Amino acid sequence: MDNRERLIQQYGNHVRIGEKKIGEMINYLREKGIIFEIPLEDMNPSILGCFIYNIRHSWRFISLGFPDDNLESDPVPYIKHPERFMESDAFNVVGYQFSKCINNDSFYKNYVPDEATGDTIYIMLETKSKVIACNCGKLFLELAIFRGVSEYDIENKTVAFYEHLSNLDFFENGEY
């Protein structure tokens, strides 16, 4: 049995049918804890650049046919000049800071701070492709699982379907 067959057998009954809208994803985040929308220009440029790099290079963003005329394979330009990569009308990102509180203690227990972000968890959502970028693996997986997958993706066993099954597997095994 290959990995895809194993994922279907193990998690096929746990798939969330129907992809959630961005507003529903934001409400889900609010249920998990206190979130604050942050203007992107107020974010640390290196953090913003890394998130934008991840979003612009995700298969979800690229598969929707968004223009890649200023797509760079090297992450350094994204970190030095993140604003350069947000100019496209196709690119719409909202950023949030996840504040530490009693409701979300489990996310901070599994979060490893780094030099750039300190002990702050950030979430960025690209509103058209529904790409998620987050510096906390557990929160990323919970939000990605909540996002769900479309009936089309399930019926046609697309990349989105297998991504969803893999996220369920990672979460179940504590791989965050």
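Beyond residues up to four places away in sequence, Trp 59 touches Val 159, Ala 160 and Glu 163, where a contact means heavy atoms within 4.5 Å. The model is predicted, and local features need pLDDT of at least 70, side-chain atom pairs count only at pLDDT 80 or more, and totals for chains, interfaces and linings use all residues. Residues are numbered from 1 along each chain as its sequence is written, and side-chain values use heavy atoms, with hydrogens and water left out.

Trp 59 lies in helix α4 and, at 33% relative accessibility, counts as partly exposed; the classes are buried under 20% relative accessible area, exposed over 50% and partly exposed in between, with a 1.4 Å probe and protein chains only.

Ser 58 is placed in the loop between α3 (45-56) and α4 (59-63). With a relative accessibility of 15%, Ser 58 counts as buried. Its side chain reaches the backbone oxygen of Ile 55 at 3.0 Å.

The chain contains nine helices and four strands, in the order α-α-β-α-α-α-β-α-β-β-α-α-α from the N terminus; helices (H or I, at least four residues) and strands (E, at least two) are DSSP runs numbered from the N terminus. Of the 176 residues, 45% are buried. Among contacts with a separation of 6 or more, 68% come from residues 24 or more positions apart. The chain exposes about 9500 Å², of which carbon and sulfur atoms supply 48%; accessible areas come from the Shrake-Rupley method with a 1.4 Å probe, and for residues only the protein chains shown count as cover.

Notes
Polar contact = N/O pair within 3.5 Å; in protein donor to acceptor, adjacent residues only side chain to side chain.
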